[in-house]
Amino acid sequence: MTQKLNLPPRVAEKDLADLYKQMWQIRFFEEKVDEFFAKGMIHGTTHLAVGQEASAVGSIAVLEDRDKITSTHRGHGHCIAKGAEVNGMMAELFGRTTGYCKGKGGSMHIADVEKGNLGANGIVGGGFAIATGAALTSQMKKEGFVVLCFFGDGASNEGSFHEAINLASIWKLPVVFICENNQYGMSGPAKEMMNVGNVAQRAESYGIPGKVVDGNDIFDVMNGVGEAVDRARNGEGPSIVEAKTYRWKGHSKSDAKKYRTREEEKEWRLKDPIERMRLILVVEGLLTEEEAEKIKADAKEEVEGSVDFAANSPHPTLDDLMEDIYA
Amino acid sequence: MRELTYLEAVREAMSQEMRQNEDVFILGEDIGVYGGAFGVTRGMIEEFGPERIRNTPISEAAISGTAVGAALTGMRPILELQFSDFITIAMDNMVNQAAKIRYMYGGKGKVPMVLRTPAGSGTGAAAQHSQSLEAWMTHIPGLKVVQPSTAYDAKGLLKAAIDDDNPVIFYEHKLCYKTKSDVPEESYSIPLGKADVKREGKDATIVATAIMVHRSLEAAAELEKEGISVEVIDPRTLVPLDTETIIESVKKTSRLVVVHEAVKRGGFGGEIASVIAESEAFDYLDAPIKRLGGKAVPIPYNPELEKAAIPGVDDIINAVKETVNRL
Amino acid sequence: MAKEIFMPKLSSTMQVGTLLQWFKDEGDSVEVGDPLFEIMTDKINIEVEAYEEGILLKKYYEEDDEVPINHVVGYIGKADEKVPDSPPGEAGGKEIPTETESDSETEVEDEDKEDVFDTTPAERSLESSQASADPAAKTEKPRATPAARRVAKEEAVSLAEIQGSGPNGRIHQGDVMAFAESHAAPKATPLAAKVAEAEGVDLKGIEGSGSQGKIYRSDVEGAKKPVTQSSPPAAASGKRVKMEGIRKVVAERMLKSKTSAPHVTLTSEIDMTEVVSMRKQLLGSIEKQTGLRLSYTEILVKAVAQSLKRHKNINVSLEGNEIVYQDSVNIGLAVAVENGLLVPVVKNADQKGLAAITEECKALGKAARESKLKPDAMSGGTFTISNLGMYAIDAFTPVINQPESAILGVGRINEKPVGVNGAIVLRPMMVLSLSFDHRVIDGAPAAAFLTELKNILEQPYELLT
């Protein structure tokens with residue numbers, strides 16, 4: 001059977017249904033979290049990636065299991081795409097001992113080091129150097145893994161962006177810096193906060209490739225990132241891939257979104273990455289309407305199940321307060 | 001036994017570890033053929049090569065974060081910061097990343113790294129290259145803080161720091177680099193959190209760190225001539241702190257003088273004084289606790305002023321006499 | 001914020017007050033001026049009134065508890081306010097004049113006149129008298145190191161007795177050890193030591209019943225008996241009453257007066273015929289005016305006041321090395337009360353008529369007997385009258401009520417045969433006994449005063465002018 005779609009070598013057509021399901025898992029997970037925050041069932045704060053599912057799923061789809069990622073404060077999607085269980089994630093947001101961080105990290109710090117998720121990060125730009133360091137490990141120990149470093153348009157204005165990418169480029173480290181450009185750093189429009197149109201243009205000053213992809217088109221993301229990952233794995237050093245996308249929700253739970261128009265939001269909703277993937281899969285005959293519906297329903301059920309799991313999980317005891325601290 | 005300088009002892013500890021453990025490597029500015037700003041790594045690149053004696057760009061934010069990322073993925077990096085003043089630039093990675101990761105990830109992740117850095121005044125390097133900022137680091141749960149004063153201690157404590165699975169800030173005092181003591185050739189470890197009684201006495205206890213240990217010993221020798229017997233304790237590690245040894249000594253002598261070079265205001269001396277005030281040693285105190293520390297002023301360039309900004313031997317002698325009512 | 005209720009300082013000598021009874025319970029609402037509790041001081045019993053309105057939130061002391069002055073006794077506030085569970089000690093809201101303030105008083109007056117004018121002279125004199133007459137308030141807490149305190153506790157020595165060798169007299173461990181060794185005093189509780197001192201008993205001869213031979217008060221008392229009493233302990237039965245409150249103060253003041261002032265007593269017999277007849281004539285009109293019966297005491301007050309006005313060298317007090325000639329004539333009246341003696345004062349008696357004096361004397365006497373005298377009513381006397389005329393007493397030697405310098409003892413009026421114009425007739429006679437402080441007053445001026453008084457009483461109608 002000839003391939004109907006242009007896919008990177010790591011991704012086969014048979015994998016696409018799974019990726020489609022991951023997108024829905026992310027969508028449902030985020031919407032559930034949004035609902036619980038609104039109801040006051042989850043405390044603290046959270047940053048939702050609704051609308052950005054394709055850049056997370058598409059980027060990670062091209063990785064091998066041994067590869068690693070560093071994530072951001074808007075990291076639930078990366079987690080799910082890197083294979084995290086929604087149960088453990090939801091439990092973490094509920095602050096329970098069954099959460100990925102035993103209830104001590106919360107939304108911004110979900111990590112699964114064993115599975116190669118080196119952690120979300122509450123510090124904007126905090127992941128650049130950590131990803132670079134992980135890539136250094138890969139290079140020094142000749143482990144062959146590649147590190148994906150997710151960051152936003154806002155983080156590209158941090159000093160750590162420059163220092164880390166410069167370092168990764170001179171040492172030719174196997175790391176790919178993925179900019180999920182969702183147009184706003186909190187309330188700051190990217191076009192007002194930097195003097196170049198694309199973050200990817202900045203790659204030139206480090207002597208590395210920089211490529212812009214349609215962040216709402218999972219296929220474009222997979223091809224762009226796939227190329228960069230192959231390059232990194234081949235020892236040719238880092239790249240920047242910039243996925244243009246949009247977050248449907250506000251920056252965090254308390255955001256009146258005064259800095260953008262409802263019309264603009266509506267325009268981007270029409271570019272819904274999940275719907276676009278579904279259309280292509282159905283049109284290309286890789287998925288029937290019924291199968292697509294079933295996948296969606298399954299994803300929803302799994303997320304619903306995670307709520308039960310979280311709600312029925314034990315709270316940490318006060319004895320746990322001083323666990324895992326050594327100094 | 002042969003004598004080594006403090007600087008040679010630090011180098012020997014690193015070299016011995018690197019011969020044994022492939023995961024240990026050093027990164028830092030000008031540590032390659034230059035041998036480091038103070039010559040600590042001189043000759044090491046010849047033995048271990050540029051892969052493991054990793055010369056970095058002037059990017060403290062990136063190299064500190066890279067050390068965190070490498071440590072998190074299986075390496076045991078030693079980061080040399082050229083001057084401890086530059087920790088300001090590496091602060092985010094030490095405070096928000098390295099110190100937090102193990103706890104924030106629910107114990108599922110570790111950061112075994114050592115940040116070595118020369119501290120202190122006395123070299124005419126003025127305000128931005130002469131500070132003693134260790135108290136900052138002791139305030140952060142998740143960072144161990146080591147401050148050796150002798151060559152013997154430096155070697156043993158550095159081995160313990162490298163072996164530790166958690167981030168350790170290792171302060172080397174510039175004026176100690178040239179001091180000598182007997183150092184065994186074989187590798188040995190001094191446990192973190194064990195103070196050393198550098199001199200026994202019965203009339204007063206001095207707790208001193210780094211270069212002040214030497215000044216206190218000089219003061220103690222002078223005081224001996226006047227019939228005042230002084231016990232000098234070097235905590236060696238501030239976090240964890242060996243409170244027991246200090247408390248027992250104060251119970252014995254009933255008098256405490258704390259001496260450090262760091263600015264007295266907010267300095268670690270306040271912590272030691274508080275430990276005593278809160279402990280059972282309180283009822284044995286026969287004089288107010290005396291703290292000696294640097295004056296609240298940036299370290300000046302003029303040599304006389306520079307000297308006057310921090311405690312000297314005479315200051316220590318006077319402080320002890322005051323506490324024993326012999327002034 | 002909840003307001004503190006504190007033990008008021010009602011006299012210059014008052015250190016503690018004994019709580020006699022509460023008039024309110026916790027949770028009761030309180031109006032300003034409501035009596036909250038009754039206390040007994042060294043001088044009087046008095047009701048303490050509320051300065052604040054609200055709910056009585058807390059009572060820290062029970063009846064019969066002794067509370068140091070200015071210590072918080074309770075709180076008034078809103079129903080839901082939180083107050084400490086245990087007595088917080090000294091009240092914060094009320095400032096006591098500190099040593100520094102009183103020491104530098106003159107300086108303050110020079111530098112800061114405005115402030116001085118803000119306080120009334122009475123307030124100022126109260127403050128200064130409190131500060132100067134209160135040696136205990138001046139005593140600083142001893143400065144001592146923790147180690148010194150620990151050893152002092154172990155050795156049962158009082159830091160107050162130790163001279164510190166450190167800066168500002170700070171006591172060090174070595175000072176305590178040296179003191180303990182040199183005194184090698186038997187370990188005794190502070191109370192036992194005090195009792196032993198008062199009784200003149202040497203602690204060294206006493207075997208303590210406490211741990212490590214620590215001596216308690218009972219040990220001291222036990223040791224004292226064989227020495228002071230020849231009869232066996234069985235004879236020592238009988239009710240024992242602790243000297244306290246008014247009794248204790250009377251005892252102290254009498255002793256002090258008798259030991260510090262060389263007393264001389266002059267007596268003179270007065271023919272009271274004219275006073276008796278004048279009283280009879282005035283009884284009706286004064287009763288009409290005041291509803292009260294004029295008594296001899298009031299006539300004596302008026303006569304003494306008149307006499308004092310003319311003999312200013314009797315209306316004096318001794319303060320330090322200075323004789324103070326008092327401007328006003330304030331006559332104290334010794335009133336016997338249940339457990340001692342009180343001396344309310346008729347102020348400016350020389351300027352008051354007999355009716356006014358009658359009213360005042362009656363009110364003061366009643367208040368004294370009912371323990372309701374205000375401290376103010378007992379202060380400022382310049383001369384005291386002690387009347388035992390209601391008993392079968394002719395003459396006696398009264399003890400001066402310091403800081404006054406003289407006191408008049410009044411005997412009964414008794415018909416006696418006396419010679420008048422060569423004939424023996426019965427006349428109502430009364431002996432007056434004047435005790436005076438010979439440090440301040442000599443015999444002649446005292447005699448002149450008493451003679452003047454005799455003349456006034458024998459020709460009393462001038463009292464009506």
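Helices (H or I, at least four residues) and strands (E, at least two) are DSSP runs, numbered from the N terminus. I call a residue buried if 20 or more other C-beta atoms lie within 10 Å of its own, exposed if 12 or fewer, and partly exposed in between, with C-beta atoms placed from the backbone.

The model is predicted, and I kept in mind that local features need pLDDT of at least 70 and side-chain atom pairs count only at pLDDT 80 or more, while totals for chains, interfaces and linings use all residues. Residues are numbered from 1 along each chain as its sequence is written, and chains are lettered from A and ligands numbered from 1 in the order in which they are written.

**Entry 1, chain B overall.** I looked up the secondary structure of chain B and found twelve helices and 14 strands. Of the 327 residues in chain B, 60% are buried. Among the contacts in chain B with a separation of 6 or more, 79% come from residues 24 or more positions apart.

**Entry 2, helix α8 of chain B.** What do the buried residues of α8(B) pack against? I find β7, β9 (196-199), β10 (204-208), β11 (230-234), β13 (256-263) and α12 (313-323) of chain B. The buried set of α8(B) includes B:Ile211, B:Met212, B:Val213, B:Leu217 and B:Leu223, and also B:His214 and B:Arg215. I then checked the length, taking the expected span of a helix as 1.5 Å times one less than its number of residues: the 15 residues of α8(B) should span 21 Å, and the end C-alpha atoms are 22 Å apart, which agrees. B:Ala221 lies in this helix, residues 211-225, and B:Ala221 counts as exposed because it has 12 C-beta neighbours inside 10 Å. The C-alpha atoms of B:Ala221 and B:Arg199 are 9.7 Å apart, although the two are 22 residues apart in sequence. After α8(B) comes B:Gly227, with a positive phi near 85 degrees.

I take two strands to pair if DSSP finds at least two bridges between them. An open sheet of five strands in chain B has the order β9-β11-β10-β13-β14, with mixed pairing. Its edge strands are β9 and β14 (290-294) of chain B, each of which pairs on one side only. For angles, axes are lines fitted to C-alpha atoms, for helices over the stretch in contact, and angles run from 0 to 180 degrees between N-to-C directions. Neighbouring strands of the sheet are turned by 25 degrees against each other on average, direction ignored. Between β10(B) and β11(B), which run parallel, I count four bridges, and B:Thr205 stands opposite B:Glu231 in β11(B). Helix α8(B) packs on the sheet, touching β9, β10, β11 and β13 of chain B, and its direction makes about 170 degrees with that of β11(B). Helix α12(B) also packs on the sheet, where it touches β10, β11, β13 and β14 of chain B, at about 165 degrees to the direction of β14(B).

Are the faces of β5(B) covered or uncovered? Both are covered, with B:Val114, B:Arg116 and B:Pro118 buried on one side and B:Leu115, B:Thr117 and B:Ala119 buried on the other. Three bridges join β5(B) to the parallel strand β4 (residues 76-80) of chain B, and six join β5(B) to β7 (residues 168-173) of chain B, also parallel. B:Leu115 stands opposite B:Leu79, and in β7(B) the bridge partner of B:Leu115 is B:Ile169.

Turning to the chains themselves, I note 36 residues of chain A in contact with 37 residues of chain B. On the side of chain A that touches chain B, α5(A) gives the most, with ten residues.

Methods:
Contact = placed C-beta atoms within 7 Å.
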